[in-house]
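Thanks for coming. I will take a few minutes to go through one model, and I will define the terms as I reach them.

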Amino acid sequence: MPAPDHRQALDRARDALDRGRAKAAVRHGWTAAQDAARARRPDQLAEVADLAAAIAERAGGRAAGDAEVLGRYCARLREEQLAGIEPSRPLDAIFDVFRRQRTKTCPDCAEKIKADARLCRYCGYRYPADPEPRR
Ligand SMILES: [Zn+2]
């Protein structure tokens, strides 16, 4: 069976999106993208890119931004694969993009803190329980 991990991750991402859990959908989307990158399957990358577009459309705030990063990554890697370009370290590139996205800037002290943090570790700024969409 070809790339069962990719299929499973895509199904989970779609399921999460259906339940309105955009953040989880993006996470599963990255798993699907990793598998597609590893298997060198541009068709699968296109599927993930479509899913990312759907998430970005339905989600708000940071999840929408994360989904756009995922979509851009899949689109770029897909073009490279179709052009026969061998990315030097595709998985590292994925994780780099993902890691960079996992921080936010404290509105009070402007330090970079973890994206999921509710409390700034530098100045003690407390985020509201439901983060406002990023402007
Ligand atoms: Zn702060």
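This is a predicted model: local features need pLDDT of at least 70, side-chain atom pairs count only at pLDDT 80 or more; totals for chains, interfaces and linings use all residues.

Residues are numbered from 1 along each chain as its sequence is written.

The protein has 5 helices and 2 strands. Helices here are DSSP runs of H or I with at least four residues, strands are runs of E with at least two, and both are numbered from the N terminus. Their order from the N terminus is α-α-α-α-α-β-β. Of the 135 residues, 29% count as buried. Buried means 20 or more other C-beta atoms within 10 Å of the residue's own, exposed means 12 or fewer, and partly exposed is in between, with C-beta atoms placed from the backbone.

Now the packing. Two packed helices are described by the angle between their axes and the distance between the axes. Axes are lines fitted to C-alpha atoms, for helices over the stretch in contact, and angles run from 0 to 180 degrees between N-to-C directions.

Helix 2, residues 22–39, packs against helix 3, residues 42–58, at about 165°, and the axes are 9 Å apart. Helix 2 and helix 3 are therefore roughly antiparallel, a label for angles over 145 degrees, while under 35 is roughly parallel, 65 to 115 roughly perpendicular and the rest oblique. Residues making this contact include Ala25 and Gly29 of helix 2 and Leu51 and Ile55 of helix 3. Contact means C-beta atoms, placed from the backbone, within 7 Å.

What about helix 3 itself? Among its buried residues are Leu45, Val48, Leu51 and Ile55.

The contact includes Trp30 and Ala33 of helix 2 and Leu70 and Tyr73 of helix 4.

Last, Pro128, in the segment after strand 2 (112–114). Is Pro128 buried or exposed? Pro128 counts as exposed because it has 7 C-beta neighbours inside 10 Å. Pro128 is 10 residues from Arg118 in sequence, and their C-alpha atoms are 7.4 Å apart in space.

Key: Two residues are in contact if their C-beta atoms, placed from the backbone, lie within 7 Å.
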